[in-house]
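Below are some notes to read with the model open, beginning with the aromatic residues.

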Amino acid sequence: MIRIAVLASGGGTNLQALLDACAAGRIDGRVEVVLSNVPGAMALERARKAGAASEVLPSRGVSDRAAYDRSLVERLLPHRPDLVCLAGWMRLLTPAFLSAFGPAPATRGCPRVMNIHPALLPAFPGLHVQRAALDYGARFSGCTVHFVDEGTDTGPIIAQAVVPVLAGDDEAALAARILQQEHRLYPQAVQWFAQGRLSLEGRIVVVEGARGVPAPQLHPWD
Ligand code: GRF
């Protein structure tokens with residue numbers, strides 16, 4: 001059973017997917033603590049309902065990012081997390097945070113911080129990415145679970161799921177279609193980590209026993 005810390009700034013539907021997967025035994029782990037930088041974030045309520053500890057460390061007006069990240073580490077360490085999951089965490093993390101959760105002997109070279117991003121990286125990193133995919137005219141989008149490094153959504157990719165961009169989609173429709181896949185993909189990736197099936201070779205994440213992907217789909221408009 002791994003001990004999981006979740007950092008969330010908002011609604012926390014991905015947090016909920018992780019909580020539900022732990023409760024259902026689909027993740028061999030437990031969410032020990034949820035920390036938000038936004039007081040009153042819905043994610044905190046979800047934590048309380050699930051019996052996880054909740055912590056708030058407001059970031060508004062904080063300009064020293066490294067100092068903030070050191071306080072974050074201080075708040076998390078007492079909960080002894082094996083893995084930190086970002087779930088709608090709207091701040092870039094500095095080395096002050098990432099170095100505290102770098103690779104450990106038990107993680108086979110893998111860092112101990114994961115994120116979920118609502119696009120197929122390396123396309124569309126950053127914010128407002130469903131809008132960006134629509135404006136670009138992409139025919140497919142999706143979501144990516146990746147380990148976190150210092151860049152914006154640049155860390156090693158663990159898993160991806162693809163959704164079509166359909167004629168007539170607006171940002172909300174595309175975001176909802178992607179979010180459905182996020183809720184499936186994130187618990188799966190965390191379970192792989194919990195099972196010790198992930199290792200890192202260069203920037204390639206190897207998933208032990210992965211069955212590979214099915215044949216590519218035709219374009220959904222065909
Ligand atoms: C998700 O789309 C996630 O990929 C992105 O932020 C959103 C958070 O949604 N990083 P929620 O708070 O989990 O509902």
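1. A search of the whole structure finds two aromatic pairs. Rings of Phe, Tyr and Trp (its six-membered ring) pair here if their centres lie within 6.5 Å; planes under 30 degrees apart count as stacked, over 60 as edge-to-face and the rest as tilted. Phe97 and Phe101 form a tilted pair, with 5.0 Å centre to centre and 45 degrees between the planes. Both Phe97 and Phe101 are buried, where buried means under 20% relative accessible area, exposed over 50% and partly exposed in between (1.4 Å probe, protein chains only).

2. A word on the basis of these notes: this is a predicted model, in which local features need pLDDT of at least 70 and side-chain atom pairs count only at pLDDT 80 or more, while totals for chains, interfaces and linings use all residues. Residues are numbered from 1 along each chain as its sequence is written, and side-chain values use heavy atoms, with hydrogens and water left out.

3. Please look at the other aromatic pair, Phe124 with Tyr136, which is edge-to-face at 5.8 Å centre to centre and 70 degrees between the planes. This pair links distant parts of the chain: Phe124 is in the loop between strand S5 (113–117) and H5, and Tyr136 is in helix H5, twelve residues apart. Helix H5 spans residues 129–136; helices (H or I, at least four residues) and strands (E, at least two) are DSSP runs, numbered from the N terminus. The C-alpha atoms of Tyr136 and Phe124 are separated by 9.7 Å. Which of the two ring residues is buried and which exposed? Phe124 counts as buried because its relative accessibility is 19%, whereas Tyr136 is exposed, since its relative accessible area is 68%.

4. At 60% relative accessibility, His128 counts as exposed.

5. Another positive phi, near 50 degrees, belongs to Arg80, again a residue other than glycine. Arg80 lies in the loop between helix H3 (65–76) and strand S4 (83–86), and counts as exposed at 54% relative accessibility.

6. The largest nonpolar core has 46 residues, of which Met114, Ile158, Val190 and Leu198 touch the most other members. Helix H6 (residues 171–194) gives the most to this core, with eight residues. A nonpolar core is a set of buried Ala, Val, Leu, Ile, Met, Phe, Trp, Tyr and Cys residues joined through side-chain atoms within 4.5 Å.

7. What about the cysteines? A search of the whole structure finds zero disulfides, a disulfide being a pair of cysteine sulfur atoms within 2.5 Å. Cys85 is in no disulfide, and the nearest cysteine sulfur, that of Cys22, is 8.6 Å away. Cys85 is buried, with a relative accessible area of 0%. Cys110 is in no disulfide either, with the nearest cysteine sulfur, that of Cys85, 13 Å away. Cys110 is buried, with a relative accessible area of 0%.
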